[in-house]
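Got the sequence and the 3D view open?

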Amino acid sequence: MDRQTYVLEARGIDKSFASVKVLSDVELHLKPGEVHALMGENGAGKSTLMKIIMGIYKSDAGEILFEGRPASIRKTSDALKLGIAMIHQELSPIPEMTVAENIFIGRETESRFAPFVNRKELNRRTQALLEAYNMAGYIHPGTPMKRLSIAQTQMIEIIKAVSYQSKVIIMDEPTSSLSEKETTELFRIIGLLKAQQVGVIYITHRMEEVFTLADRVSVFRDGKFIACKEVRDTGREELISMMVGRELSSGYPQNTAPKGDVVLEVRNFSRKGVFENVSFQVRAGEILGLAGLVGAGRSEVVRALVGYDRLEQGQIFLEGKEITVSHPKDALRHNIIMAPEDRKELGLVLCRSIRENITLQNMAKLAGKLFMKLGREKQACGEIASLVTIKMNSINDQAGRLSGGNQQKVVLAKSMLSGPKVLIMDEPTRGIDVGAKAEIYKIMVELAQKGMAIIMISSEMPELLGMSDRVVVMSAGRITGELTDMTEHAQQDILKLALGGI
Amino acid sequence: MERVKVVNLVQRFGLLMIIVIMVAGMSIVSPVFFTAGNIVNVIRQISINGILATGMTFVILTGGIDLSIGSLMAVTGVITGSLLVDGYPTFVAILAGVAASVAFGFFNGVLIAYCNLPPFIATLASTTIGRGFALVYSDGKPYTLTTPEFLAIGKGTSLGVPNPIWLLLVVVILASIILNISKFGRYVYAVGGNENATKLSGVKTRMVKMFAYVITGLLAGVAAVVLAARISSGQPTAGDGYELDAIAAVAIGGTSMSGGIGRLSGTVMGFVIIGLLSNSLTLLNVSSFYQQIVKGFIIIIAVLIDQRTKGKSN
């Protein structure tokens with residue numbers, strides 16, 4: 001096929017972080033004037049490839065061709081100069097500045113050394129852009145960005161991309177925070193972009209958008225390119241099976257613990273706009289998986305459960321008795337412990353020692369009313385640290401200097417020492433290497449065998465299927481289903497439920 | 001391993017070395033410096049800033065700052081002063097004065113921990129409120145103090161050692177116990193290091209932050225009593241700018257301004273260095289105007305050295 005038919009091509013792209021391979025031999029071919037959907041599970045490598053195209057990451061191998069010629073993109077401004085722009089999921093306008101100022105930021109003047117900004121000229125050019133995209137009716141060049149809705153802010157980002165004469169615009173889940181009406185408006189603008197021969201890479205999890213909007217669709221899985229199809233030649237079932245595709249990977253330890261009584265029950269958890277009417281139970285010795293796409297509200301539910309976030313509505317029953325939890329201290333007293341997803345943000349005090357981090361949650365055991373029991377602290381922390389096999393010189397090492405896997409083990413150690421009845425693990429193996437993963441799985445099963453009830457949030461399908469006795473699926477803040485049978489159909493079922501029960 | 005140990009040594013004893021060099025240098029240059037009289041004088045001068053800096057260490061470790069301690073000293077000074085002038089027992093006068101600055105510390109703590117005001121803003125506001133309160137209360141005039149047992153706190157000696165030095169010792173030892181082996185001390189470090197993670201670990205982080213400001217307020221009150229007793233006067237203008245020396249001592253001592261990292265022993269060396277510096281410059285007949293300039297540069301140099309040594313170990 002003639003190369004010139006593509007405006008942007010990525011070929012044979014490899015990328016590893018530390019020793020973890022996140023992209024291997026990935027390709028993508030974008031034609032001018034097409035909307036090219038990019039699909040795949042969380043962690044399939046979509047965003048990483050986009051970041052390589054935008055010059056945010058550097059690929060280990062492979063090449064990127066722009067209009068048929070090899071392009072060297074080392075930083076974002078290189079990509080912009082070529083005519084590649086990206087609309088990120090998290091928009092970052094400067095709220096106090098006007099629409100015109102935001103669009104022309106960094107190029108307010110013709111020459112880099114011209115000292116003064118011609119505001120009138122900027123406003124005039126902005127007005128022309130707004131008119132070209134039929135937005136002049138409700139957005140003015142002089143309006144401060146903070147007055148615009150999320151959807152309008154996104155439109156401005158798109159216009160900004162257009163104003164760079166972009167030939168490729170990448171959109172990362174642009175509709176995730178838009179209403180239906182706003183989505184229609186976005187699609188109209190994408191239609192105008194197509195008419196101008198702009199190629200659009202459209203990352204999405206929403207199946208229906210692919211079929212209404214896209215011309216072609218590429219599917220990634222586990223950092224590999226699976227297939228590129230004409231949308232009219234494919235269907236939902238085929239796309240889902242391409243996204244899931246893999247065999248149930250073995251190598252997960254079997255949880256043979258007998259399932260006991262219900263330890264924890266969550267009833268009708270609601271917080272406006274975040275999650276609604278969420279109810280589930282977990283039994284002693286059971287590992288309950290919470291599945292869903294990023295942003296489905298899973299972390300928010302468990303954070304409310306342990307009293308870190310406010311809960312608007314709902315009840316918690318521990319061993320049949322209702323309890324109130326308004327601060328993590330209450331959860332701790334009731335032996336409900338959470339090992340959070342983000343070690344840096346919520347898990348550890350990185351500038352302090354392993355010992356202090358473990359102790360922080362376990363003062364009841366390791367301190368009297370006022371003072372630390374230093375001897376007991378040293379002994380208990382040493383024991384639990386070697387039990388979870390943290391690789392360290394001493395328990396006085398700074399937690400921030402450990403590897404990700406070892407940090408996660410410190411989080412586990414501090415959670416385990418308090419002897420929880422219910423242990424909540426949010427993405428317990430995110431960003432850690434295979435060896436450490438296996439060790440963490442082993443510990444989880446051991447804990448279940450001691451009669452602990454474990455709730456595991458995971459976005460990795462094999463992990464969910466391999467470790468869970470039962471899976472509850474959430475989508476857009478609601479529970480959309482439950483699976484008790486981890487057979488080969490389970491993956492497709494979970495994905496369907498996570499995508500919103502289509 | 002070996003290199004790590006050496007760096008640790010430099011890190012831990014770098015400040016001590018600065019002190020040793022200063023003392024050695026001054027002993028050679030000035031005949032007066034290394035006399036018992038001058039040494040006692042230095043420590044006596046250090047005591048007030050030492051007590052303040054010890055309090056400041058707590059709030060800075062939580063990631064905050066307290067600009068109001070100078071004003072709080074004035075509040076304590078005028079209340080204690082007026083009660084003494086009115087003939088109340090020394091004990092009652094001191095208690096009431098210190099209680100007032102503790103109350104201000106509590107006020108700061110509530111604003112910062114529960115109303116989420118930035119510490120800089122909250123304590124800046126308290127600075128002018130406190131100063132204004134002291135001026136209104138005293139009608140702008142100082143209270144001249146004559147009660148002998150009160151003045152003894154600042155001027156007297158016990159077992160041959162000046163009383164302010166005893167007080168400083170007690171304050172530093174108590175603070176060291178709290179920071180190193182109490183639960184609260186652990187919480188102070190943890191909150192400064194990562195407030196969110198600390199909360200998730202079941203710690204009432206707001207309470208911890210609030211108490212840090214109460215401690216700073218308390219120690220501002222104690223320092224105010226020492227000052228009033230030394231100058232025989234409870235003044236509404238007392239303590240102006242004292243917070244700066246206290247913050248400087250903590251900074252020189254290597255405590256991270258964003259919280260979580262630091263030791264009281266560092267602060268102690270910090271205020272000793274500042275005290276030695278003032279004394280040395282005075283002995284060398286440097287005008288007090290120039291002293292301020294020199295002090296500023298010494299702070300920059302000390303903190304730069306400290307950052308470098310820490311940078312290497314990372």
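This is a predicted model: local features need pLDDT of at least 70, side-chain atom pairs count only at pLDDT 80 or more; totals for chains, interfaces and linings use all residues.

Residues are numbered from 1 along each chain as its sequence is written, while chains are lettered from A and ligands numbered from 1 in the order in which they are written.

Let's begin with chain B. It has 13 helices and 4 strands (DSSP runs, with at least four residues of H or I for a helix and at least two of E for a strand, numbered from the N terminus). Buried residues, those with 20 or more other C-beta atoms within 10 Å of their own, C-beta atoms being placed from the backbone, make up 51% of its 314 residues.

Now for the meeting place: 19 residues of chain B are in contact with 25 residues of chain A, where contact means that C-beta atoms, placed from the backbone, lie within 7 Å. On the chain B side, α8 (183–193) and α9 (195–200) are the elements that give two or more residues.

Over in chain A, take a look at β18 (residues 453–457): 5 of its 5 residues are buried, so the strand is largely enclosed by the rest of the structure. Its neighbours run parallel to it, and two strands pair if DSSP finds at least two bridges between them.

| Strand of chain A | Bridges to β18(A) | One bridge pair |
|---|---|---|
| β13 (residues 287–291) | 4 bridges | A:L290 with A:I457 |
| β17 (residues 422–426) | 5 bridges | A:M425 with A:M456 |

Terms used: Two residues are in contact if their C-beta atoms, placed from the backbone, lie within 7 Å. A residue is buried if 20 or more other C-beta atoms lie within 10 Å of its own, exposed if 12 or fewer, and partly exposed in between; C-beta atoms are placed from the backbone.
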